[in-house]
Protein chains: 2
Amino acid sequence: MAKNLEKLNKVLQKKARTKKVFNYAIPDLWNCFDYQGKEQVKTPWGEVIVDPFKFYYELVSKHLMKKDEANYALPLTQALNLEPSNGDWIKKATVYSTMIRTSATYDHDRSGNLEESNLYGFNEGGTFVKMLALIPLLKKMGITTVYMLPISQFSLKDKKGELGSPYGVSNFFKIDPSLKDKMIGDEMTLEEEFSAFVEACHMQGIRVMIDIIPRTNSVNSDLIVTNPEWFYWINYSDLEGYKPPYVDGVSATTAPKPEHFDKVYSSNEVKEHIRKFVVNPKESMPKKWAKVVKMWQDENNELEILDIIRNELNLTIAPAFSDHINDVQPPWSDITFFRMYNDHPDGAKGLLEDVNTAPYILYDTIKSSWHPGQEPNQELWNTLSSIIPYFQENFGIDGARIDMGHALPGELVDLIIKKAKAVDSDFSFIAEQLDSSLAAVEKENGYNMIIGMGFYDGPRVWTGNANAFYYGSANLATPVFACGETHDTPRIAARPEGKKTLSKMLTALNMFMPNGVPFINSGQEFYEVQPMNTGIDCRDDEAFVLDKEDPYYGKLALFDKYQLHYINEDRWDLVDMLAILKDIRNDYLNTLSNPEHFEGLGFTSPGDMAIGLGYVVEGEYGKELDNLVLVVANTNVFEGRKVYVNIDNIRNKSGNTSRFGKLIFSTHEWERDIHEFDNEGNLNIYMAAGEVKIIKL
Amino acid sequence: MAKNLEKLNKVLQKKARTKKVFNYAIPDLWNCFDYQGKEQVKTPWGEVIVDPFKFYYELVSKHLMKKDEANYALPLTQALNLEPSNGDWIKKATVYSTMIRTSATYDHDRSGNLEESNLYGFNEGGTFVKMLALIPLLKKMGITTVYMLPISQFSLKDKKGELGSPYGVSNFFKIDPSLKDKMIGDEMTLEEEFSAFVEACHMQGIRVMIDIIPRTNSVNSDLIVTNPEWFYWINYSDLEGYKPPYVDGVSATTAPKPEHFDKVYSSNEVKEHIRKFVVNPKESMPKKWAKVVKMWQDENNELEILDIIRNELNLTIAPAFSDHINDVQPPWSDITFFRMYNDHPDGAKGLLEDVNTAPYILYDTIKSSWHPGQEPNQELWNTLSSIIPYFQENFGIDGARIDMGHALPGELVDLIIKKAKAVDSDFSFIAEQLDSSLAAVEKENGYNMIIGMGFYDGPRVWTGNANAFYYGSANLATPVFACGETHDTPRIAARPEGKKTLSKMLTALNMFMPNGVPFINSGQEFYEVQPMNTGIDCRDDEAFVLDKEDPYYGKLALFDKYQLHYINEDRWDLVDMLAILKDIRNDYLNTLSNPEHFEGLGFTSPGDMAIGLGYVVEGEYGKELDNLVLVVANTNVFEGRKVYVNIDNIRNKSGNTSRFGKLIFSTHEWERDIHEFDNEGNLNIYMAAGEVKIIKL
């Protein structure tokens with residue numbers, strides 16, 4: 001049962017009856033369900049030309065929709081009445097990270113331009129309806145959770161790039177209108193389309209997670225109108241020259257720990273900075289404010305709220321900047337911070353020149369988790385903690401990542417988690433925490449997992465980082481993402497230290513990382529090289545890794561129109577590999593997702609260019625054979641060589657004494673028997689450059 | 001006035017009213033008229049997406065059609081009432097050689113496949129209607145004559161390649177049905193479409209020439225039915241093993257001169273070969289023959305005539321082979337020869353074992369120009385000589401090339417020319433004569449020009465051939481083609497000795513060759529590298545010059561579906577250059593087309609890596625300045641250097657003493673003043689690799 005998917009199916013069925021000729025191209029990766037439409041043309045280079053209505057109708061009716069009685073509009077645990085795990089289902093998940101806008105973008109009319117409305121009047125940018133075509137691909141790769149970058153309405157004012165960043169949210173409770181599908185038109189609302197997408201995922205056993213951003217907001221947020229007191233204000237004339245104030249005696253990019261704040265508040269730049277802030281206009285000039293609100297509500301008005309405020313009041317919202325003292329980054333001109341407390345930070349109260357100064361943005365008010373005040377902004381907190389329930393109750397989502405959660409007041413995090421769990425006790429939370437030494441803290445905070453540093457450590461096979469990451473994560477209090485890239489980092493396939501070979505190796509290995517949740521960053525599965533954003537760990541020229549001739553040279557999906565390189569000759573390489581690995585992973589899922597069964601297979605010295613992940617199959621301890629799964633990678637992605645795999649320890653742990661193994665997977669060779677044991681029963685086996693072998697023993 | 005073009009215009013106008021969306025791509029080279037349709041989308045790579053009806057309607061109505069009273073269905077000389085020149089208008093022509101099937105082929109629906117009927121039910125292969133879109137391109141390049149490779153119906157039986165060769169004609173008096181445009185459908189006949197194309201050319205001042213093939217015919221020709229006695233017959237069982245008989249004592253590939261025929265007729269292989277031939281079935285078994293004809297005429301019959309003959313009579317038509325004795329080529333299995341005389345060659349009559357032997361194919365009967373009999377096959381000759389009048393009277397064509405004319409009986413050539421001239425005294429004839437030493441003979445035979453060896457000599461800049469060709473052609477009795485390639489030869493841009501640089505140099509120089517008729521082989525203007533056929537002067541791997549990834553790798557347009565590489569980044573390079581050169585050529589057309597005004601500018605020693613073509617402007621002799629046009633090429637296409645241009649002789653001839661020139665064109669630099677004279681008044685000027693400069697003095 002899935003009200004909105006069924007509605008979509010009927011709309012598509014009706015529209016599929018038209019007799020128009022469509023020269024509408026999709027990449028064949030979107031056709032993992034082997035569409036049977038007679039009108040289709042398969043091009044030699046991997047595009048399929050279809051009638052989109054017929055194509056999506058067959059997709060939905062024959063391959064996505066289930067006829068049973070479960071209500072797939074609910075979170076999956078509730079829909080299928082599964083045993084709740086307090087959100088720990090994420091431990092067994094395989095996650096696909098996608099920005100719908102980008103993953104479902106395609107130049108369907110092949111005009112060389114991603115029009116808002118193409119030759120047929122349809123979107124070329126991503127929509128939830130088009131994203132349905134990726135579900136069979138996700139299934140094929142073994143994906144069980146779709147994690148979506150923000151889908152809420154974001155501000156287009158002074159937008160970055162061609163489209164603006166979805167992280168500059170202007171309304172938490174609206175889906176961004178660019179995601180509305182023009183093929184479907186008025187027959188369904190955007191909310192219904194999103195709901196249909198979640199229902200389709202649920203029907204296919206895929207959970208859906210969102211990304212919420214309670215710490216920052218667009219400077220052009222709709223909330224400014226209703227709650228100007230939740231924001232920080234400056235005179236418009238002070239916007240030019242507005243920047244993070246420099247603090248003498250503190251080194252560059254210093255975390256805003258309390259011990260630095262004597263220096264912070266005695267800095268002249270800080271004093272000057274604080275003096276720029278003014279009281280919010282609802283309080284300081286209520287009549288004029290009422291007029292502003294009226295103007296904005298006027299149907300004939302075409303101005304943004306921030307423009308009206310500038311014109312009428314000569315004020316503006318103060319932009320955000322990094323919470324690190326003396327950070328080199330310029331202000332983030334498109335977003336601002338919420339005022340988390342109605343008073344100044346406790347620690348600042350004795351240091352301020354004038355304790356009645358207007359609310360201000362500074363390293364302590366930003367990082368309010370370390371610098372709380374006395375009076376929580378309860379009304380704001382209520383709003384922020386109702387975002388997830390809104391998405392749970394209206395769309396049945398299954399989990400969320402909280403952006404910059406580490407900077408939120410602890411009590412607010414508690415509130416957010418508590419309210420979500422009240423709706424769905426199996427709701428899962430991911431902390432935006434990179435530092436794995438804080439895994440236990442975040443677990444304590446109520447999160448089910450942390451992000452970790454896989455994107456950084458995984459590709460660093462030459463420095464020992466990779467080995468430390470794969471072995472070291474086993475004992476953490478929460479799982480981390482078994483990943484080699486995220487939407488903020490370089491692509492693995494662009495790493496000079498290995499490119500496609502590295503990408504294939506890590507993508508395979510990540511399916512078997514102890515305490516790791518396999519994570520595919522949309523595009524990774526077909527060796528996309530262009531990052532979506534150059535936020536972390538990027539080279540200076542990371543945005544320019546494509547050929548200059550490429551239409552997306554220098555474009556970043558987070559800001560620009562961007563079509564992933566779905567058409568390339570190796571596009572099926574990792575997808576087909578994952579199709580095999582997901583079956584192996586599923587065969588041993590209980591074993592793999594419980595780090596107790598893990599044992600490292602040597603390669604702990606720096607310079608050991610291999611990784612060996614051993615598992616004793618759950619329930620099979622004490623047997624002499626057939627109870628070990630060994631996953632070995634030659635992390636030297638440039639040279640093949642003999643690799644000595646120490647399996648003494650895992651033999652002791654398991655009781656296995658067998659001298660006869662089965663190669664059940666390799667990135668480089670067919671399945672075969674394994675005899676390459678030495679006298680001690682350890683493996684001494686040839687591995688090609690970057691090869692991953694899985695051996696059953 | 002142009003009945004059929006007007007009819008086409010009306011059909012297009014009507015069809016342009018439909019509101020369908022077309023994603024129909026054309027290369028931008030087809031849009032030299034700058035189409036204004038609002039629905040069009042210009043892709044960044046050079047395709048334009050259009051509604052084909054609207055596109056062709058605007059093309060015809062606004063850019064091709066003229067409203068005056070001239071009847072453009074007539075040959076151009078008659079339509080415009082021009083001064084007849086006995087066909088010598090060709091001397092001032094600039095010729096574009098095209099196989100309509102290929103030049104107008106495009107994968108309009110971009111399916112990666114050249115369907116007979118694409119997504120919209122339209123042709124992807126060439127049609128006369130689609131060829132209209134190339135007329136603005138031809139105009140831009142200064143083309144004044146379109147020379148078409150055969151357009152008559154050809155046989156599809158045992159066809160070569162994907163489509164078969166248009167040289168295997170099966171009916172001289174029908175246009176090949178593959179050229180019928182499906183966009184137009186039943187609204188016009190193929191003949192009307194062809195006529196509309198000729199009318200459009202004429203309106204744009206472009207003459208149209210055809211290629212006729214009176215010496216050979218398809219083994220599956222319709223003429224077999226009506227006139228079996230015009231063909232040579234063997235038993236079907238003798239077809240296997242049929243080959244040119246070897247003659248002892250004659251070296252390989254010897255021209256069939258009379259002195260060799262004692263040896264020919266005493267060869268055992270020849271005797272055996274002759275014994276295979278049988279009398280035609282109409283004579284030997286008239287009743288059975290009548291039945292065969294009836295079967296073939298039966299509407300329910302789907303068999304080819306040759307199949308019926310094999311099934312019913314166990315006979316077949318003997319295939320053709322080279323007229324050269326002991327040639328290494330295998331028989332040409334798809335074509336045969338006409339029997340030009342009703343008796344055996346005179347010279348053979350005393351040498352034959354049995355003078356009553358059945359008509360046979362041999363080196364002498366093939367080359368009947370050297371080996372006539374006594375009794376011309378008058379009925380056949382009447383048919384062959386009525387082909388051109390058919391095309392004149394029905395389509396108003398302006399000239400023709402006669403394929404293998406040199407092998408026809410001289411009296412037949414006389415008859416063909418006489419009958420054509422009777423219809424249009426200004427009809428122009430091109431002899432398929434490569435040997436320029438025979439120019440005077442061919443002029444005597446009634447031809448207006450010969451092909452010559454430009455395709456071979458022009459690109460050979462390193463061996464002196466090019467210089468000999470450009471200077472040596474000035475004194476020939478007829479013009480030759482100023483060309484660097486034909487449909488039978490390698491492409492200039494594929495020549496390892498220069499590629500695009502060589503192509504640009506020759507294409508420029510050919511516009512100014514003394515006694516040369518500039519000739520562009522379709523595709524040459526955008527650096528196509530793949531030959532259309534590998535008939536002459538090709539390397540062993542000439543058919544494989546494209547990238548292996550290219551969809552047309554190894555394909556030859558003469559036999560296969562082939563799309564010229566209209567989309568490449570240098571596609572406008574030569575076209576834009578020719579647009580400038582045609583104006584210069586037109587300014588001096590009388591001068592350039594009369595070799596009297598020509599004077600070579602040195603570079604006559606082998607190893608002189610330059611060519612200098614000097615012209616004294618007609619009517620300007622005796623002036624001291626402004627009466628010389630100097631065209632100089634650095635034929636070293638790999639290195640720039642100073643070139644010493646000897647202009648003593650042309651100064652003497654013209655009276656010019658000026659020390660001040662104007663560079664009016666260069667392939668490498670802008671127009672500028674020229675001062676680089678030495679004390680003797682000769683030029684000593686830097687020329688880039690492969691540069692062509694035109695200097696007015």
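Biologist: Are Phe22(A) and Phe53(A) buried or exposed?

Modeller: Phe22(A) is buried in this predicted model, and Phe53(A) is buried as well. Buried here stands for under 20% relative accessible area.

Biologist: How many aromatic pairs are there over all chains?

Modeller: With ring centres required to lie within 6.5 Å, the count over all chains is 78 aromatic pairs. One of them joins Phe22(A) to Phe53(A).

Biologist: Why is the pair of Phe22(A) and Phe53(A) called edge-to-face?

Modeller: The centres are 5.8 Å apart, within the 6.5 Å limit, so the rings count as a pair. The planes make 80 degrees, and the label is edge-to-face because that angle is over 60.

Biologist: What makes Arg207(B) count as sitting over the ring of Trp89(B)?

Modeller: The charged end of Arg207(B) is 4.4 Å from the ring centre of Trp89(B). That value meets the distance limit, because the CZ atom must be within 6 Å of the centre.

Biologist: Why is Ser170(A) called buried?

Modeller: Its relative accessible area is 3%, which is under 20%, so Ser170(A) is buried. Ser170(A) lies in strand 7 (residues 169–175) of chain A and touches, among others, Gln153(A), Phe154(A), Asn220(A) and Asp222(A).

Biologist: And how do you know whether Ile49(B) is buried or exposed?

Modeller: At a relative accessible area of 1%, Ile49(B) is also under 20% and therefore buried. Ile49(B) is part of strand 3 (residues 47–50) of chain B.

Biologist: Which residues touch the most other members of the largest nonpolar core?

Modeller: Phe194(A) and Phe194(B) do, in a core of 403 residues. Contacts of Phe194(A) include Met148(A), Ile151(A), Ile175(A) and Ile397(A), as well as Phe128(A), Phe391(A) and Phe395(A). Phe194(A) also belongs to an aromatic cluster, whose members include Phe128(A), Phe391(A) and Phe395(A).

Biologist: Why are the two copies described by a two-fold rotation axis?

Modeller: Chain A superposes on chain B by a rotation of 180 degrees with 0.0 Å of shift along the axis, at an RMSD of 0.1 Å. The copies are thus related as by a two-fold axis. In chain A, Asn23(A) has the C-alpha nearest that axis, 2.9 Å away. The same surface serves both copies, as 100% of the contact residues of chain A recur in chain B.

Biologist: How confident is the predictor?

Modeller: Chain A has a mean pLDDT of 96, with 100% of its residues at 70 or more. For the complex, the predictor gives an ipTM of 0.85 and a pTM of 0.91.

How values were computed: Residues numbered from 1 in each chain as written. Chains lettered and ligands numbered in written order. Predicted model: local features only at pLDDT ≥ 70, side-chain atom pairs only at ≥ 80, totals over all residues. Heavy atoms only, no water. Phe/Tyr/Trp six-rings, centres within 6.5 Å; stacked < 30°, edge-to-face > 60°. Buried < 20%, exposed > 50% of the residue type's maximum accessible area, 1.4 Å probe, protein only. Lys NZ or Arg CZ within 6 Å of the ring centre and 35° of its normal. Least-squares fit on C-alpha atoms with pLDDT ≥ 70 in both. Contact = heavy atoms within 4.5 Å. pLDDT = per-residue confidence, 0-100. Core = buried A, V, L, I, M, F, W, Y, C linked by side-chain atoms within 4.5 Å. Helix = DSSP H or I, 4+ residues; strand = E, 2+ residues; numbered from the N terminus. Lists of a residue's contacts leave out its neighbours within four places in sequence.
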